[in-house]
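Hi there,

Here is the structure I promised to pass on to you. Have a look at it first, and then read my notes below.

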Amino acid sequence: MTDPLPRSQQGAEPQLLLTSLLGDFWYWRDEHIPSAALVQLLGEFDISPASARAAIRRLAARGLLTVSRSGRTTAYGIPARTSEVIIERTHRMLTFGTTPPDWDGQWTVVTFSVPEQDRGLRTALRSRLRVLRFAALYDGVWVSPHDLAEAALAALRELGLRSATVFRATELPGSAPAATAFDLEPLAREYEQFVTRYEQVLSGLEAGLISPAQALRTRTELRVDWRRFPETDPDLPAELLPAGWARDRAQKVFLQIYDRLGPLAEQRFRQVLADTDPALAELSSHHDSVEVAALFAELGDRHPAGDTPFEQAAEARRLDDARKR
């Protein structure tokens with residue numbers, strides 16, 4: 001049967017696909033999955049066995065997977081304390097964009113002066129400010145409508161930068177409107193493209209055209225495609241958004257597909273795992289947005305503190321992405 005579903009324009013890297021798969025179907029499980037099964041799961045995304053094995057080894061070397069051996073079988077699992085991180089990040093992903101944040105009319109402003117010879121320091125500072133979702137109003141003046149003074153001061157302390165000032169203000173220096181610091185046109189196009197791509201999936205769902213294999217692939221690619229928005233969207237208040245902002249529509253499409261494809265995707269995950277270990281396959285499960293919200297509420301005060309390998313790797317990736325922008 002011809003696949004009725006859209007493919008991501010660029011294939012996600014194997015490491016990201018595997019962490020997304022385990023984060024969707026295997027969190028809060030202590031059992032390890034044989035490497036052969038993980039290789040087969042990545043094969044669902046046209047990842048070659050050699051590339052899949054290399055991705056698994058790299059994740060283990062970075063502390064993002066734990067390793068166990070029984071005879072000639074090597075298996076991998078999720079490290080301790082990672083499940084809480086997955087729940088918090090998944091909850092953030094599923095709820096991002098539901099409503100614009102409230103705004104008190106104040107801006108957080110960071111002003112700094114870094115000598116030309118300290119180019120590396122300037123690059124590092126800009127990357128950290130981008131990760132915090134500040135934008136440059138002028139070369140040495142960065143702004144955000146969120147109350148991020150403490151986070152900005154922490155970044156300055158981490159870099160040892162003393163020639164900088166952080167303050168909150170309703171009036172900003174210069175004549176340029178603060179909202180012009182945020183170049184929203186590329187992001188608007190990305191939201192529009194996301195909607196165009198994944199509304200086809202909703203049509204396929206309504207027509208009953210989606211198989212379990214297609215559901216697993218599409219739900220995982222959907223998760224990978226959407227996860228960028230909470231990291232790159234400055235999440236501006238409604239007063240600062242352009243007319244026709246497509247985030248709300250994109251978020252609704254994302255959530256519908258994520259929830260509705262869950263059972264079919266889980267079925268395929270189990271089928272693949274059963275080829276290697278039928279008993280292990282019975283332990284996998286998917287979680288929809290309601291279940292994730294309940295799990296998030298159960299965390300109580302057990303929220304991640306930023307010190308797990310998963311969080312550190314995610315932060316390093318975000319800084320690397322910010323340096324490229």
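Let's start with the overall build of this predicted model. The chain has 325 residues, and a compact globule of that length would have a radius of gyration near 20 Å; the chain comes out at 22 Å, so the two agree. Along the principal axes, the C-alpha atoms fill a box of roughly 65 × 45 × 35 Å.

As you turn the model around, you can look for 13 helices and seven strands. Of the 325 residues, 48% are buried. If you take contacts between residues at least 6 apart in sequence, 81% of them join residues at least 24 apart.

Next, the surface. The chain exposes about 15800 Å², with carbon and sulfur atoms supplying 49% of that area. There are 39 positive and 45 negative charges, and their mean positions lie 6 Å apart.

One part of the chain has a label from a record: an unreviewed UniProt entry annotates residues 17-77 as "domain: Transcriptional repressor PaaX-like N-terminal". That span is 51% helix and 20% strand, and its end C-alpha atoms are 15 Å apart.

Is Asp233 buried or exposed? Asp233 sits in the loop between α9 (228-232) and α10 (247-274). Its relative accessible area is 1%, and because buried means under 20%, Asp233 counts as buried. Beyond its neighbours within four places in sequence, Asp233 is in contact with Phe96, Arg133, Leu187, Tyr191, Trp245 and Arg247.

Enjoy exploring!

Best wishes

Key: Residues are numbered from 1 along each chain as its sequence is written. This is a predicted model: local features need pLDDT of at least 70, side-chain atom pairs count only at pLDDT 80 or more; totals for chains, interfaces and linings use all residues. Side-chain values use heavy atoms; hydrogens and water are left out. Helices (H or I, at least four residues) and strands (E, at least two) are DSSP runs, numbered from the N terminus. The radius of gyration is taken over C-alpha atoms; the globule rule is 2.2 Å times the number of residues to the power 0.38. Buried means under 20% relative accessible area, exposed over 50%, partly exposed in between (1.4 Å probe, protein chains only). Contact means heavy atoms within 4.5 Å. Accessible areas come from the Shrake-Rupley method with a 1.4 Å probe; for residues, only the protein chains shown count as cover. Lys and Arg count as positive and Asp and Glu as negative; His and the chain ends are not counted. The place of a charge is taken as NZ of Lys, CZ of Arg, CG of Asp or CD of Glu. UniProt positions are given in the numbering used here, feature names are shortened, and annotations may be inferred rather than shown by experiment.
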